[in-house]
Amino acid sequence: MSLKDIWKKFVLETKTNGTIVAIYGPSASGKSVARDIFVDNGWEKIVSYTTRPPRSAAEEEAGEYDFISKDEFDNLLNKGRLINVNLFYADKSYGIDIRKIAESKRAVMITDKSSVFMLKNSLEEMGKKVVLVYVTAPPQELMRRQRARLEKGEYTDPQELEARLKELEKEIKSEIKIKEFADFVIIRQDMQDTIADAEHLAKTI
């Protein structure tokens with residue numbers, strides 16, 4: 001049975017209603033802050049599996065990802081159990097277990113802008129209502145926050161930071177086209193703005 005056939009079979013078996021909020025936007029824009037506000041207001045948090053090792057014990061404890069081995073990841077992938085899959089790097093693969101989403105009636109997740117539309121289509125096939133929330137901040141503030149992560153020790157290799165800054169520059173240039181497809185946009189001027197806007201959405205969607 002092909003992956004396409006597995007997916008069709010899964011959709012027929014698990015088709016349920018419910019609302020999924022998918023948050024996306026540039027790195028360091030405040031996506032996690034917005035997501036956590038939804039969680040505080042009763043929304044279930046959906047996180048990705050990843051094969052990369054945690055950057056620190058604190059990251060592992062924070063529950064931002066489910067860290068699994070490459071063999072475990074490949075096994076789920078071959079069974080057609082993963083969506084929103086990112087295989088850019090052999091040792092840094094990402095994907096979400098579709099069973100977690102199928103069972104959710106009211107959930108929130110963070111996704112990458114490159115896969116947000118494919119994710120939306122997949123979830124709508126499953127009978128879900130999908131609400132896209134784009135979180136961003138002024139460009140100079142996004143760059144400042146990335147550099148601050150190096151000082152905090154989140155980047156142990158300065159070259160990794162430079163790679164992320166270059167990636168961020170590309171994101172900023174393409175931002176206008178990407179964010180216009182969102183159902184809602186949160187522009188983070190400061191933390192309180194993000195919290196207030198996210199709380200309003202969490203209570204009204």
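This tour moves through the model in steps, naming what to select and what is found there.

The model is predicted: local features require pLDDT of at least 70 and side-chain atom pairs pLDDT 80 or more, while totals for chains, interfaces and linings use all residues. Residues are numbered from 1 along each chain as its sequence is written, and side-chain values use heavy atoms, without hydrogens and water.

**The sheet**

Begin with the open sheet of five strands, ordered β2-β7-β1-β8-β9 with parallel pairing. Strands (E, at least two residues) and helices (H or I, at least four) are DSSP runs numbered from the N terminus; two strands pair if DSSP finds at least two bridges between them. Select β2 (44-46) and β9 (184-187) at the edges: each has a single partner strand, so one side of each lacks a neighbour in the sheet. On average, neighbouring strands are turned by 25° against each other, direction ignored.

Next, select β1 (residues 19-24) and β7 (residues 106-110), which pair in the parallel sense over five bridges. Isoleucine 20 has alanine 107 in β7 as its bridge partner, and valine 21 stands opposite valine 108 in β7.

**A helix across the strands**

Select helix α6 (residues 116-125), which lies across β1, β7 and β8 (129-136) and runs at about 160° to β8. Axes are lines fitted to C-alpha atoms, for helices over the stretch in contact, and angles run from 0 to 180 degrees between N-to-C directions.

**Two crossing helices**

Now display α2 (residues 31-40) and α10 (residues 191-204), whose axes come within 9 Å and cross at roughly 40°. The two helices are therefore oblique to each other, the class left after angles under 35 degrees (roughly parallel), over 145 (roughly antiparallel) and 65 to 115 (roughly perpendicular).

At this contact (heavy atoms within 4.5 Å), Val33, Ala34, Ile37 and Phe38 in α2 meet residues of α10, including Met191, Ile195 and Leu201.

**A salt bridge**

Finally, select lysine 100 and aspartate 66, whose side chains meet in a salt bridge (2.6 Å, N to O). Lysine 100 lies in helix α5 (residues 98-102) and aspartate 66 in strand β4 (residues 65-67), so the pair ties together parts 34 residues apart in sequence. The structure holds seven salt bridges, each a side-chain nitrogen of Lys or Arg within 4 Å of a carboxyl oxygen of Asp or Glu.
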